[in-house]
Amino acid sequence: MPSDIPPHIHGKDLPKGVKKSTVSVTCDHLEKMLHVASQGEFSFFSDEPEKMGGENEFPAPLTYIASGIGFWLLTNLKRYASMKKISIKSAQVKIELDFYLFGSIVDENIESGVSEVRSFFEVSSKDKFEDVLSVIKLAKKGCFAESLVIKPVNLESVCIINGKKIKNL
């Protein structure tokens, strides 16, 4: 079965050299635990369950982190399969994040983190097992979201309070 992505869209290989780009998302608080994120022409919302002070109308923020990993893995899977002329009949990836939070607001010693991320692929294809496995491995290697979990990066944090700018909190 041929790819549902026309060959001219992705070509046969990645462009030569290093591709660098920036994604910018602006998030605004609306009310309670309801927030909106805007990126170009798109807007999406996050909320928390009632037990956290929200209305439970939209996914929680961690859901978007897990979804971002899954979406990017599937995007790469389809892109690289198209380049290698491997047909993907169906694909699903489940992402699980184990997270923790402890400490005290009063003592100002909060610590949070993610202790493990797991991805589970299920792919159906008429092509050879080894060829499909190769594309899955490439999708994982090319996944910015998985890379962000595996390799630490610099975090620049800027805060403006009543007009006063504070850098690197």
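This is a predicted model: local features need pLDDT of at least 70, side-chain atom pairs count only at pLDDT 80 or more; totals for chains, interfaces and linings use all residues.
Trainee: Which strands are the edge strands of the open three-stranded sheet?

Mentor: The sheet has the strand order β1-β2-β3, with antiparallel pairing. Each edge strand pairs on one side only, and the two are β1 and β3 (42-46).

Trainee: What is the average twist from one strand to the next in that sheet?

Mentor: The strands concerned are ordered β1-β2-β3 in an open sheet. From one strand to the next, the twist averages 25°.

Trainee: Which residues make the nonpolar surface patch of about 390 Å²?

Mentor: Val23 lies in the loop between α1 (7-10) and β1 (26-31). Its relative accessibility of 67% is over the 50% cut-off, so Val23 counts as exposed. The patch is made by Val23, Val25, Phe42 and Phe44.

Trainee: Is Lys85 buried or exposed?

Mentor: Lys85 is found in the loop between α2 (61-83) and β4 (90-102). Lys85 has a positive phi of about 55° although it is not a glycine. Most residues other than glycine have a negative phi. Because a relative accessibility of 61% is over the 50% limit, Lys85 counts as exposed.

Trainee: Is Ile86 buried or exposed?

Mentor: Ile86 also lies in the loop between α2 and β4. Leaving aside neighbours within four places in sequence, Ile86 is in contact with Ala81, Ser125, Asp127, Asp131, Val132 and Val135. The relative accessible area is 7%, under the 20% limit, and therefore Ile86 is buried.

Trainee: How many Å apart in space are Ile86 and Lys167, C-alpha to C-alpha?

Mentor: In sequence, Ile86 and Lys167 are 81 residues apart. In space, their C-alpha atoms are separated by 47 Å.

Trainee: Which residue in the turn of the hairpin formed by β6 and β7 has a positive phi?

Mentor: β6 and β7 pair in the antiparallel sense over four bridges, and Ile160 stands opposite Lys165 in β7. The hairpin has two residues between its strands. With a positive phi of about 50°, the turn residue is Asn162.

Trainee: Which strands does the salt bridge between Arg118 and Glu96 tie together?

Mentor: The closest N and O atoms of Arg118 and Glu96 are 2.9 Å apart. Arg118 lies in residues 111-124 and Glu96 in another strand, so the pair ties together parts that are 22 residues apart in sequence. The two strands are β5 and β4.

Trainee: How many Å apart are the closest N and O atoms of Asp98 and Arg118?

Mentor: Asp98 is partly exposed, with a relative accessible area of 28%, and Arg118 counts as partly exposed at 22%. Asp98 in strand β4 and Arg118 in strand β5 are 20 residues apart. The closest N and O atoms of their salt bridge are separated by 2.7 Å.

Trainee: Which residues are linked in a network of salt bridges?

Mentor: The structure holds seven salt bridges. One of them joins Glu116 to Arg118, with the closest N and O atoms 3.0 Å apart; Glu116 is partly exposed, with a relative accessible area of 41%. The network links Lys94, Glu96, Asp98, Glu116 and Arg118.

How values were computed. Residues are numbered from 1 along each chain as its sequence is written. Side-chain values use heavy atoms; hydrogens and water are left out. Buried means under 20% relative accessible area, exposed over 50%, partly exposed in between (1.4 Å probe, protein chains only). Patches are made of residues with over 30% relative accessible area and no salt bridge: like charges are joined within 9 Å, nonpolar side chains (Val, Leu, Ile, Met, Phe, Trp, Tyr) within 5 Å. Accessible areas come from the Shrake-Rupley method with a 1.4 Å probe; for residues, only the protein chains shown count as cover. A salt bridge is a side-chain nitrogen of Lys or Arg within 4 Å of a carboxyl oxygen of Asp or Glu. Two strands pair if DSSP finds at least two bridges between them. Axes are lines fitted to C-alpha atoms, for helices over the stretch in contact, and angles run from 0 to 180 degrees between N-to-C directions. Contact means heavy atoms within 4.5 Å.
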